[in-house]
Amino acid sequence: MAEAPLSPNTMFSSSHTSVMLDHICSSILSMDIIRDIEKAWKEGKLLEVVSVVRKTAETVSRMPVSIAVTGESGNGMSSFINALRRLQHEDEASAPIGVVKTTQTRGSYSSFHFPNVVLWDLPGMETTAQSLENYLNEMQFSQYDLFIIIASEQFSMNHVKLAKAIEGMGKRFYVVWTKLDRDFSTSALSNEKILQNIQENIKENLQNEGVKEPPTFLVSNFDPSLHDFPKLRNTLRIDISKIRCHSVQKIIFTICENIINESVTSLLKKIDTGGFQDVLGIQDPNNLGDCLKSYRLFFGVDDKSLKQVAQSIGKSVEEYTNIVKSQDAQTYHQESSTLSWIGNITVFYLCIGLSYIPYYGNSAAKYLNYMEQRRLLESVAKDTKTILRKVLEDFINLDEVH
Ligand SMILES: Nc1nc2c(ncn2[C@@H]2O[C@H](COP(=O)(O)OP(=O)(O)OP(=O)(O)O)[C@@H](O)[C@H]2O)c(=O)[nH]1
Ligand SMILES: [Mg+2]
């Protein structure tokens, strides 16, 4: 049994570029690409980040994806994996199957039909006694990108519980009903009616527990080309590609978010000591309009950069400027003043009393300006993250279409 590959969906700490982040990123994106992204961001060049993202297209297709096949013991999970891999049960590389409980520990399988995808054959959830929580922990549910719940003969409460748990984790899953050949040969109903009954039964059981209807496929593991198998393969290919794109998007966002956070921390320190205008080339630090312009330029979200980025993605610049709160000093003021004036005034009077104002001495106007400079910086950083997220989403959606 192979070791589990690192899941691209592992969450990162957003405070600093941690060792773990480096490790995970470098196992997925090449160090060259990571360095290029970091360099582009540090120079405030959003457009260059986009062009580096373009270079990741080849990497994306190599991104590992983990799929767990789960269900109740005997439902045909191992047989399904063999059928998906187009292997006969006698083939040496096939997953062991049997009429008695066969899969005791989870096993991983690969298939050249789905490159860089690991199919995990899980032991079935016991029909008795075993708690769902134990099963999810033992099977390491958090590490998979996609789940396939296998059912046959009946869609039981365990199937519903699995579906609910996976939905709760925000992960995608399918329901695959196997042994359709047996249903067709043992029932007096027409095949059409059987299909309809099974679909309705699955839907109803899930609906009763408030679970959204997942993609559902009805198959026979003995005929991997018939029934819903072709549709299932297609859906799987599309979803695998989406998972990969979103994983890359998440990693790139995290790399950039770390750099933004580090820049904010360092600039805030410089605002405290009064040296920030030199770093940013601000002529008049008391002029918030000047500060805003410099911050936006620093983070690469100034009008010119946004226009270039929008053009390169084929979007209108308004799609990005409209989501920005700190577009100009006036808009920023309108957005922030209602919420902040009470706070500012309180702090202002406190400061007069305590004469506690770093660098600016006890001048109230200067203090308020100092507070605005800090808040404006944080606001531009927040906007930068919002824009970056949208740019990456737009870019990846665009790539999926092509
Ligand atoms: N008729 C029919 N039998 C099937 C189908 N899929 C699996 N089986 C049979 O069901 C039995 C159990 O199949 P497995 O694939 O071992 O089931 P499993 O879910 O992996 O079971 P455990 O590993 O024991 O938990 C075997 O005898 C299979 O031949 C199918 O599509 N049609
Ligand atoms: Mg099995």
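Over the ring of which residue does the charged end of Arg-106 sit? In this predicted model, the charged end of Arg-106 sits over the ring of Trp-120, at 4.1 Å from the centre of that ring. A further contact of this kind involves Arg-389, whose charged end sits over the ring of Phe-253, 4.0 Å from the ring centre.

**Aromatic rings**

Trp-120 also takes part in a cluster, in which ring pairs link it with Tyr-135, Phe-141, Tyr-144 and Phe-147. A search of the whole structure finds 8 aromatic pairs, and two of them, both involving Phe-141, are set out in the table below. A pair of aromatic rings is described by the distance of the centres and the angle of the planes.

| Ring pair | Distance of centres | Angle of planes | Arrangement |
|---|---|---|---|
| Phe-141 and Tyr-144 | 6.2 Å | 85° | edge-to-face |
| Phe-141 and Phe-147 | 4.8 Å | 35° | tilted |

The planes of Phe-141 and Tyr-144 stand at 85°, and because an angle over 60 degrees counts as edge-to-face, the pair receives that name.

**The magnesium ion**

Which residues coordinate the magnesium ion (ligand 2)? The magnesium ion is coordinated by Ser-78 through its atom OG and by Thr-103 through its atom OG1, at 2.0 Å. These two residues link distant parts of the chain, for they are 25 residues apart: Ser-78 belongs to helix H5, which covers residues 77-84, while Thr-103 lies in the loop between H5 and strand E2 (107-111). Both Ser-78 and Thr-103 are buried.

**Cysteines**

How many disulfides does a search of the whole structure find? The search finds 0 disulfides. Among the cysteines, Cys-256 counts as buried because its relative accessibility is 0%, and Cys-291, at 0% relative accessibility, also counts as buried.

Definitions and conventions
Residues numbered from 1 in each chain as written. Chains lettered and ligands numbered in written order. Predicted model: local features only at pLDDT ≥ 70, side-chain atom pairs only at ≥ 80, totals over all residues. Heavy atoms only, no water. Disulfide = S-S within 2.5 Å. Buried < 20%, exposed > 50% of the residue type's maximum accessible area, 1.4 Å probe, protein only. Phe/Tyr/Trp six-rings, centres within 6.5 Å; stacked < 30°, edge-to-face > 60°. Lys NZ or Arg CZ within 6 Å of the ring centre and 35° of its normal. Donors = N, O, S within 2.8 Å, 3.2 Å for Na, K, Ca; no water. Helix = DSSP H or I, 4+ residues; strand = E, 2+ residues; numbered from the N terminus.
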